Amino acid sequence: MFKAARILFGIMVVSFLIAPLLVILPLGFTDSIFLSYPIPGFSWRWFHELFTADAWRRSIINSLIVGSGTTILATVLGTLAALGLRDRLVPFSGFFKTAFLLPMVVPAVVLGVGMQILFVKLGVAYTYPGVIIAHTVLAIPFVVVNVSASLDGIDRRIERAAASLGAPPHVVFQKVTLPLAIPGVLSGAVFAFATSLDEVVLTLFVAGPNQRTLARQMFSTIRENISPAIASAAFLFITGTIILALITVYVRSQTQRSARRPN
Amino acid sequence: MRGGTPLRRHLAAALMLMPLVVFLGLFFVWPIITMLSEAVSDPVVVKTLPATTEAARAWDRQTPGAGALGQALVDDIRATTDDQAMGDVVRRLNSAKSGFRTLMMKTLSAARGSTGPLDLTTVDERWKDNGYWEAIAAAAQSRYTDRNLLAALDYARNPQGSIEALPPAASNNADIFKRTFVISGLVTLMCIALGYPFAMLAASVTGWKRQLLLGAVLLPLWTSLLVRTAAWFILLQDRGMINSTLLGLGIISEPLPLLFNRLGVVIAMTHVLLPFMVLPIFSVLIGIPGNLMPAAQSLGASKLRAFWHVLLPLSLRGVASGALLVFMSAIGYYITPALIGGPRDQMISSIIAFYATGTANWGMAGALGIILLAATLALYAVYHRLTSDRALRV
Amino acid sequence: MSDPYILFQNVSKSFGPLTVIKDLDLAIDKGEFVSLLGPSGSGKTTILMMLAGFENPTSGAVIVGGQHVEKLPPHKRNMGVVFQSYALFPHMTVAENVAFPLNMRGVAKPDSAARVQRALDMVQLGAYKERKPSQLSGGQQQRVALARALVFEPAVVLMDEPLGALDKQLREQMQLDIRDLHKRLGLTIVFVTHDQSEALTMSDRIAVFNHGKIEQIGKPSDIYDHPKTRFVAEFIGETNLVEGTITKVGKDRTTITLKQGGKLVVDTRPGLEAGAAATISIRPERIHFDRTAERENDFPGTVLDRVYHGDHIRVVLETRDQRFIVKTDRRMAVLDEGDKASASFTANACWVVG
């Protein structure tokens, strides 16, 4: 009796969590102009629309441009900072570590308003660099957290062993530390790209019509003229996510295989 | 060790940290400071009407304002060539006291159309009313104002300078704050109600069952927020899955209104934020030694009492950090209420976005932003304290 | 003698296809200290969990104080359980932990406070009432767990490897303390352990478990000196096992011939039959290097290895028939690897295990 209730509850919550994602996928292949079930017939028309209609095509290209820019900038800045924070060699390391997480905490709209005002003054509003900078601010925490975690996971004794075997510090860093930290860097990069891809709010404030991203385009389509192209776009998003998740899982398993601290 | 002198390593670490510190200083801290200063800065009158400002500061507010300030105002108007700045002044004054727009238009043309001394009371009778002069004097008081901040909380200064509540019709920010907190609170409660038992379930099973339950939590977390919101939009619409199922089963005869109302917003936000509740609770539950519940039972506690006295108090920390995380995220939410909610379900972020992009009233947007930011940071500080001594952070 | 207080009758327990306990019978008297000893996976903890009510037997009866308890939930069994790694409630103080079972039984505040104080004094922790468990050492936590399991005067105290997490010195101290409490309070204790020396020191009786069955149950000296099976002989302490065939059964002495032709003389006891195969256990400390008249058995050989242990010296002696492990005292320190020596022992030192 109690056990049955537990199983039922588990099934209910799992379906609450998963069902919405499953429901939206098939709608990307509808041949109707309505986003609803039942689906009258299968077609590629909305995917076709996605890649040919100017607004959609443009937005996909923009997302790739902004996403790549964000990934590179965030990964470089975040990785350097995580390396700098290692061992607490810099005063106020703890403060910086917390401060680097704050972009995740500050409400996006608040940051967006501030960026809009400032970026207009600086002349980067409504430009690609402006959007990339905005997205990078949001992506930074993910890179710092991931790289720091993989640096923390490196067994000190391996580096000491390398030093005892005659490697000078920069060689230890190059040949031991960096290769072991690479999985963290990669998964940080994946997170950065995913963050940029999904970002809407800052984009609303700092991007002009020329920098409309896919997420931004979906947002206004849902708002204005709901069309099954949204479901097709969602399909792209979800498959993209699964691919990124698989990459991360693979990278993580690589991390776990490499030297870990015994505890 | 060669080359590894401590000082060099410290310097290298600092150098590696520097780019990000500068970057975030420029593009994270500075925008927030800009927004803050926008909310409290009020320089138009001081900048555009320098002579009037000086005269207003010397004015005792008893003698007629026209005599003490009139000529200075006329001089300032004649000296100004920047029409846009003058327009800002008029808007600023009109927002403090209605009637200023027509009064200033009349005064502008009179002052520019003449030279030499000009008695403003002959231009318009209203200049005899010291109320208008007090408004100018108040605006000239400083480059900073608490007007936006007060307005954000539905307060304003009266002409005498003391703070009083605005009439209910004039502003509804307090209502929106209240609504934001109510919706966020509801979402938090829903997340606890679903998340706590779910986390317990996940902690009590092992192997593939646990993988499945946790996977169900992590998958939405991995999926685009926008996709999830779109999915709920599709599910909740009148012709959506939920309504057509219920109609098909004959449970209802007309579609339930689920979209563009409070219920839809709470459902969709609960879905989005549930993982942030489940994960901290799960990690706390996992850390509780498995023999405590049997111990309590062997000491005479029934399962229910053992839960109440042992498991619940020990897991409260996870519930608290989950609840803080959910509530903190919820009060700043923009996308989900904007897409799923109706006009009466818009939360504070939507209002900020409206002021910023809709009316370009950055002062108001900034002031509301300060309040939201302060609330968020306060909640985060508590969360940080609660979790920093244990590795619970998601 | 009265009826046993705890009785397992024909109890079996399976987890799915895996049978952990097979047709077990076990009787424990009131006031007895019984150890369940065995390697991990031998079923001893399952017995304890069935007694405490956390597992139900698949078949058979569990009777405590004349009552069937198979279906009784744990909180109604009135048994004090001391768990492995103590299971102290980390969010409660020491006093609150100890008061917990009293609260569950609705004992009034003043009475409860007095009993908590008494229980804590008993384990010499009266001064630590307001501490949290995390502020105590392992040994102190152990004593709190003990006080908590005793404070409500349970009918039976069950202990699941309670000393496993302590270091050697503390463990030995706690063994004496627990034995002392058992005597003073007349407790009935069922004690699960995989440490044979712990079981030997503390128990009135030991039940040796293997693969879900009791191999032997009896007094520590019985188990040690007269193991019934090869498993018991090997599991309890170190021993030399010698295999051979019974060739002659006399009135006092029985002769056993080893594979290489060597002869071994043991005390005759019922059940030994000429022609049967026999395994003989000889404890290393009962073998000597100096021959006397009553040491009828003598195996000359060469010292293979010699290890200094402080209180004794452990010598491995290779003989024609058998390799013997000998624990000898320090006077034999003169022996060295390669030396000739002879293993001598009395007929009484040999025990035929089956």
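Biologist: Which domains does the domain assignment give for chain B, and where are their bounds?

Modeller: Happy to. This is a predicted model, so keep in mind that local features need pLDDT of at least 70 and side-chain atom pairs count only at pLDDT 80 or more, while totals for chains, interfaces and linings use all residues. Residues are numbered from 1 along each chain as its sequence is written, with chains lettered from A and ligands numbered from 1 in the order in which they are written.

Chain B is assigned domain 1 (44-145) and domain 2 (173-388); such bounds come from an automatic or database domain assignment. The C-alpha centres of these two domains of chain B are 52 Å apart.

Chain B also meets chain A: 67 residues of chain B are in contact with 61 residues of chain A (contact means C-beta atoms, placed from the backbone, within 7 Å). On the chain A side, helix H1 (residues 2-27) gives the most, with 13 residues. Helices here are DSSP runs of H or I with at least four residues, strands are runs of E with at least two, and both are numbered from the N terminus. By class, that side of chain A has 50 nonpolar, 8 polar and 3 charged residues. Nonpolar covers Ala, Val, Leu, Ile, Met, Phe, Trp, Tyr, Cys and Pro; charged covers Asp, Glu, Lys and Arg; the others, Gly among them, are polar.

Now zoom in on one helix pair. Helix H6 (residues 108-122) of chain A and helix H1 (residues 6-40) of chain B have axes that come within 7 Å and cross at roughly 85°. Axes are lines fitted to C-alpha atoms, for helices over the stretch in contact, and angles run from 0 to 180 degrees between N-to-C directions. H6(A) and H1(B) are therefore roughly perpendicular to each other (65 to 115 degrees; under 35 is roughly parallel, over 145 roughly antiparallel, the rest oblique). From H6(A), the contacting residues include Val110(A), Leu111(A), Met115(A) and Leu118(A). Facing them from H1(B) are residues including Trp30(B), Ile32(B), Met35(B) and Glu38(B). The residues of this contact divide into 10 nonpolar, 2 polar and 1 charged.

Finally, a glance at chain C, which has 8 helices and 19 strands. One open sheet of 6 strands there has the order S6-S7-S8-S3-S9-S10, with mixed pairing; strands pair if DSSP finds at least two bridges between them. Its edge strands are S6 (79-82) and S10 (213-218) of chain C.

Methods
Two residues are in contact if their C-beta atoms, placed from the backbone, lie within 7 Å.
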